[in-house]
Amino acid sequence: ARIVVLVSGSGSNLQALLDATADPAYGARVVAVGADRDGIAGLDRAAAAGVPTFVARLKDHPSRDEWDASLTERVAEHRPDLVVSAGFLKLVGPSFLAAFGDRYLNTHNTLLPAFPGIHGPRDALAYGVKVTGATLFFVDAGMDTGPIVAQVAVPVHEDDDVDTLTERIKEAERQQLVEQVGRLVREGWTITGRKVTVP
Ligand code: GRF
C-alpha cells in the first residue's frame, strides 16, 4: 500500500512509520511526505529516508479553497491508498475530503471527544483528568470529530507537567499509529457512519 504522510513539526510519528515500513512485511511504504511549512524536522526526516517531499503553504495561495485544491493535487500525484496526518496542523477543506475523506487518518494526543484541538495534553492536565491517551481516527469536516479507529489510554502522573505528559502520550501514540496503520493496510477497512470495521 502507498502512504502519504502530512506533517507540520518534529515528525516523530512520521519517523515511527518510516522505521516500520522499512520492513517489507509491514505491507506499506511512505511514498511522499507533505507539509504546510518549510524548515521543519519532519521534512528532514523524510529526506534522510529518501522519501520525496512537497510543501503547500497557505500564504502562497489566494484563498483557503485554492490551497486545499493544490494540497489535494499534490497528494493525489502520489496515488496514496492512505493519507496520514502526523501532527499536520491544518484543517483540510472540501476538495481534500472529496478525494481522500474515507482514507485520511489523523492521530490526536487525547482520548477524543475530550480535549480536541492543538493543546490537548495541556487542556487535559489543566482539567485534572487522571487518564488521557491518544486517538486514531478518520478525518471528517469537523475538528477532531471523525470516526475512531483506535484509542490507547495513558495515565497522568501526580508530578506531570505539560512536557512530561506530552512525551508519555507520544510514545503510546506512535506505537498505536504503527500497529493500526499496518492492520488497516493489510486487512482493509470500511466506514459506516461512525463505525470503522476492519474485516
Ligand atoms: C502528536 O502528538 C499529535 O497528536 C499532535 O502533534 C504531535 C505530532 O508530533 N497533534 P510529531 O510531529 O509527530 O513529533
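Colleague: Which elements each supply at least two residues of the shell around the ligand?

Modeller: This is a predicted model. Its ligand shell has 15 residues, of which Ser10, Ser12, Asn13, Gly87 and Asn109 come nearest. Each of domain 1 (1-100) and domain 2 (109-135 + 149-199) contributes at least three residues to this shell. The elements that each give at least two are H1, strand E5 (104-108) and helix H6 (162-187).

Colleague: Which element gives the most to the shell around the ligand, and with how many residues?

Modeller: By class, the shell divides into three nonpolar, ten polar and two charged residues. H1, E5 and H6 each supply at least two residues. The element that gives the most, with three residues, is H1.

Colleague: How many residues of domain 1 are in contact with domain 2, and how many of domain 2 with domain 1?

Modeller: The chain is divided into domain 1 (1-100) and domain 2 (109-135 + 149-199). Their C-alpha centres lie 20 Å apart. With contact taken as C-beta atoms within 7 Å, the two sides number 13 residues of domain 1 and eleven residues of domain 2.

Colleague: Which element provides the largest share of the side of domain 1 that touches domain 2?

Modeller: Two elements give two or more residues to that side, helix H1 (12-21) and strand E4 (82-85). By class, the residues on this side of domain 1 are nine nonpolar, three polar and one charged. The largest share, five residues, belongs to H1.

Colleague: Why do the buried residues of H2 line one face of the helix?

Modeller: In helix H2 (residues 41-48), the buried residues are Gly42, Leu43, Arg45 and Ala46. An α-helix has 3.6 residues a turn, so residues three or four places apart point the same way. Seen down the axis of H2, the buried residues line one face because they fall within an arc of 160°.

Colleague: Which elements do the buried residues of H2 pack against?

Modeller: Among the buried residues of H2 are Leu43 and Ala46. The opposite face, turned away from the buried side, carries the exposed residues Ala47 and Ala48. The packing partners of the buried residues are strand E1 (2-7), H1, strand E2 (29-35) and strand E3 (53-55).

Colleague: What is the phi of Gly50, the residue that follows H2?

Modeller: H2 spans residues 41-48. Gly50 comes after this helix, and its phi is positive. The value is near 75°.

Methods
Residues are numbered from 1 along each chain as its sequence is written. This is a predicted model: local features need pLDDT of at least 70, side-chain atom pairs count only at pLDDT 80 or more; totals for chains, interfaces and linings use all residues. Domain bounds come from an automatic or database domain assignment. Helices (H or I, at least four residues) and strands (E, at least two) are DSSP runs, numbered from the N terminus. Ala, Val, Leu, Ile, Met, Phe, Trp, Tyr, Cys and Pro count as nonpolar, Asp, Glu, Lys and Arg as charged, and the others, Gly among them, as polar. A residue is near a molecule or strand if its C-beta atom, placed from the backbone, lies within 6 Å of it. A residue is buried if 20 or more other C-beta atoms lie within 10 Å of its own, exposed if 12 or fewer, and partly exposed in between; C-beta atoms are placed from the backbone. The arc is that of the directions from the helix axis to the C-beta atoms.
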